[in-house]
Amino acid sequence: VRAAIKCVYTEDTELGSGAKTVTVEIEAEGKVVKFTIRTDKTTLGEALLENELIDGENGDFGIYIKSANGIVADYDVDQTYWAVYIGEETAMTGVDSIDIDEGVTYRLVKETM
C-alpha cells in the first residue's frame with residue numbers, strides 16, 4: 001500500500017493508460033468526482049492504487065481504505081468509513097477482490113456509522 005496520496009481532484013478526471021476502462025465515483029461531503037481510469041490491472045483495488053486514488057492498510061478482508069482522493073475517513077476519530085458500491089449494490093468484498101467489469105460504475109462513498 002502506498003505511503004501517501006499526492007493528488008486531490010476536484011472535478012471529473014481521466015487517468016492512466018491501458019486496455020480496460022473503469023468508471024469510479026468518489027463521493028464525500030456532498031460532492032461527487034467521477035474518474036475514468038484506463039488500466040491493464042484486473043481488480044478495482046489495483047487500478048485505484050496504481051493511480052494513487054486510495055490509501056489504506058491491509059486487513060483481514062484485504063485493503064481497508066483510509067483515504068480516497070485524498071479525503072480521510074477515520075472510524076476511530078469520527079465514525080466515518082469508505083463504503084464500496086458496485087453500481088447501486090454494496091460490495092461484499094474488499095476493493096482488491098473486485099474484478100474490473102467494464103460498463104459498471106464503482107462508487108466509493110464516505111459514510112458515517
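Author: Contact here means heavy atoms within 4.5 Å. With that in hand, take N51: leaving aside its neighbours within four places in sequence, N51 is in contact with L15, G16 and I37. The place of N51 is in the loop between α1 (44-50) and β4 (54-59); helices (H or I, at least four residues) and strands (E, at least two) are DSSP runs, numbered from the N terminus. Is N51 buried or exposed? N51 is buried, with a relative accessible area of 12%, because buried means under 20% relative accessible area, while exposed means over 50% and partly exposed lies in between (1.4 Å probe, protein chains only).

A word on the model: it is predicted, so local features need pLDDT of at least 70 and side-chain atom pairs count only at pLDDT 80 or more, while totals for chains, interfaces and linings use all residues. Residues are numbered from 1 along each chain as its sequence is written, and side-chain values use heavy atoms, with hydrogens and water left out.

Now to the chain around N51. The chain has 2 helices and 9 strands, and from the N terminus on its elements run β-β-β-α-β-β-β-α-β-β-β. Of its 113 residues, 42% count as buried. Among contacts in the chain with a separation of 6 or more, 50% come from residues 24 or more positions apart. Finally, the C-alpha atoms of the chain fill a box of roughly 40 × 30 × 30 Å, taken along the principal axes.
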